[in-house]
Amino acid sequence: MRGYLTHVKPDGVLILHLSNRNLDLNGPAQAVAKAVGGVALISTSGQGRHRQGRLALPEDAVIIARSPAVWRGSP
């Protein structure tokens with residue numbers, strides 16, 4: 001994670017797609033981001049609706065920035 005964040009611009013973000021049927025990876029991803037000095041937000045889309053006879057599972061992503069100021073639009 002630290003290596004990835006060194007390549008992110010001060011006002012940029014890193015997005016990790018973490019959708020998984022068996023594991024909840026959001027908490028560990030947030031903890032790793034915090035451990036290397038980043039800040040993270042969770043984004044979940046979808047509500048598990050049925051689409052054409054199949055269950056569409058929610059999609060999770062963790063958005064990681066180098067500074068909380070990115071969320072306010074001023075790194």
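The following conversation walks through the fold of one predicted protein model.

Biologist: Before we look at details, what kind of model is this, and how are residues numbered?

Modeller: This is a predicted model, in which local features need pLDDT of at least 70 and side-chain atom pairs count only at pLDDT 80 or more, while totals for chains, interfaces and linings use all residues. Side-chain values use heavy atoms, with hydrogens and water left out, and residues are numbered from 1 along each chain as its sequence is written.

Biologist: In what order do the elements of the protein run from the N terminus on?

Modeller: Helices (H or I, at least four residues) and strands (E, at least two) are DSSP runs, numbered from the N terminus. The secondary structure comes to 3 helices and 5 strands. Read from the N terminus on, the elements run α-β-α-β-β-β-β-α.

Biologist: Which strand order does the open sheet have?

Modeller: Two strands count as paired if DSSP finds at least two bridges between them. S1 and S5 run antiparallel and are joined by 5 bridges, and S2 and S5 pair in the antiparallel sense over 7 bridges. The open sheet of 3 strands therefore has antiparallel pairing and the order S1-S5-S2.

Biologist: Which residue in S5 stands opposite His17?

Modeller: Strands of a sheet pair through backbone hydrogen bonds, either parallel or antiparallel. Val13 has Ala65 as its bridge partner in S5. Ser43 stands opposite Ala61 in S5, and the residue opposite His17 is likewise Ala61.

Biologist: How many of the 7 residues of S5 are buried?

Modeller: Buried means under 20% relative accessible area, exposed over 50%, and partly exposed in between, with a 1.4 Å probe and protein chains only. Across the 75 residues of the protein, 24% count as buried. S5 is mostly covered, and its number of buried residues is 5.

Biologist: Why can the buried residues of H2 be said to line one face of the helix?

Modeller: An α-helix has 3.6 residues a turn, so residues three or four places apart point the same way. In H2 (residues 26–35), the buried residues are Asn26, Ala29 and Ala33. Seen down the axis of H2, with directions taken from the helix axis to the C-beta atoms, they line one face because they fall within an arc of 65 degrees.

Biologist: Which exposed residues does the face of H2 turned away from its buried side carry?

Modeller: The buried residues of H2 pack against strand S2 (39–45) and strand S5 (59–65). The face turned away from the buried side carries the exposed residues Lys34 and Ala35.

Biologist: Is Asn26 buried or exposed, and what is its relative accessible area?

Modeller: Contact means heavy atoms within 4.5 Å. Leaving aside neighbours within four places in sequence, Asn26 is in contact with Leu18, Ile42, Asp60 and Val62. Asn26, which is found in helix H2, is buried, with a relative accessible area of 11%.

Biologist: How far apart in space are Pro68 and Gly38, C-alpha to C-alpha?

Modeller: Pro68 has its place in the loop between S5 and helix H3 (69–72), where Pro68 is partly exposed, with a relative accessible area of 41%. Pro68 and Gly38 are 30 residues apart in sequence, and their C-alpha to C-alpha distance is 8.1 Å.
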